[in-house]
Amino acid sequence: MPLTKEDIHKLVDVQRDDAGLDKLQAEMDVIPRRIAGLRDGLEGAKAKSAQAKAKTQTFEKKKKEKELELAAKEEAVRKHSMELNQVKTNDAFKALQAEIDRDKAAGGQIETEILEAMEGIDASRREEKAAAAECKEAEARAAAEIGGLEKELAALKARHDAMRAQRDQAASGLPDEMMRVYNHARMRGKLDAIVPVDGGNCSACRISLAPQMIVEVTKAKSLVVCESCQRILYKAEPAAKPA
Ligand SMILES: [Zn+2]
């Protein structure tokens, strides 16, 4: 297949762009994972807030139950106090009075429990408030970070698109056979699909090349592929040209 030095240079440029595209793609790939990580991190703060809320509700429920219990005891005391006037015997009077005293004592105990529940409500409401503030702060922090990452991703994508266009433009004029060999090597994980010869060796797999092959590579008039690693071979130009 006929080739020119120009084709070789262009393919080296394409490879440089492909390497740049791979690097940009790798940078882009981590961003959605980082965003997901930030969102996961928020779940902890939300759970803490929900926990504090549930605790408040438990205390509120207990307070309500105890208030009903207290009301029942107070009602019993009121009822039995009225009955005291109607009892006929001393024993019955004493028994009823004892029951009233028991209910009053129980009522006092329930009042203490109500106070404890109220203290619990106050404490857990404070926790709730702190957790909600923490949650809000974490959300704001995460939103700012996510916003930054999304911007970063958009910028990377724009660079990727521009480089991709440049790469495709450079590749479009190259011989099909050359691109087929190049793409095949890259698809098989050989990202350096075109490599310079190094002395008498392939610079990638280090196999010693036949002298005739070196001549072909130097002439750059046809596609020369390393028989060992299937990479395209070229002769690197000396970096500094004499003025
Ligand atoms: Zn090789």
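So, which helix does isoleucine 214 lie in? Isoleucine 214 sits in helix α4, residues 211-219; helices here are DSSP runs of H or I with at least four residues, strands are E runs of at least two, and both are numbered from the N terminus.

Quick caveat: this is a predicted model, where local features need pLDDT of at least 70 and side-chain atom pairs count only at pLDDT 80 or more, while totals for chains, interfaces and linings use all residues. Residues are numbered from 1 along each chain as its sequence is written.

Back to isoleucine 214. It counts as partly exposed because it has 17 C-beta neighbours inside 10 Å; buried would take 20 or more, exposed 12 or fewer, with C-beta atoms placed from the backbone. Leaving out residues up to four places away in sequence, isoleucine 214 touches Val197, Gly200 and Leu209, where touching puts the C-beta atoms within 7 Å.

Okay, the core. The largest nonpolar core has 21 residues, and Tyr182, Ile194, Ile232 and Leu233 touch the most other members. A core here means buried Ala, Val, Leu, Ile, Met, Phe, Trp, Tyr and Cys residues joined through C-beta atoms within 7 Å. At least two residues each come from α1, α3 (176-187), β1 (194-198) and β3 (232-234), and α3 gives the largest share, 4 residues. Tyrosine 182 itself touches Leu11, Ala193, Ile194 and Ile232, again not counting residues up to four places away in sequence.

Conventions. Contact = placed C-beta atoms within 7 Å.
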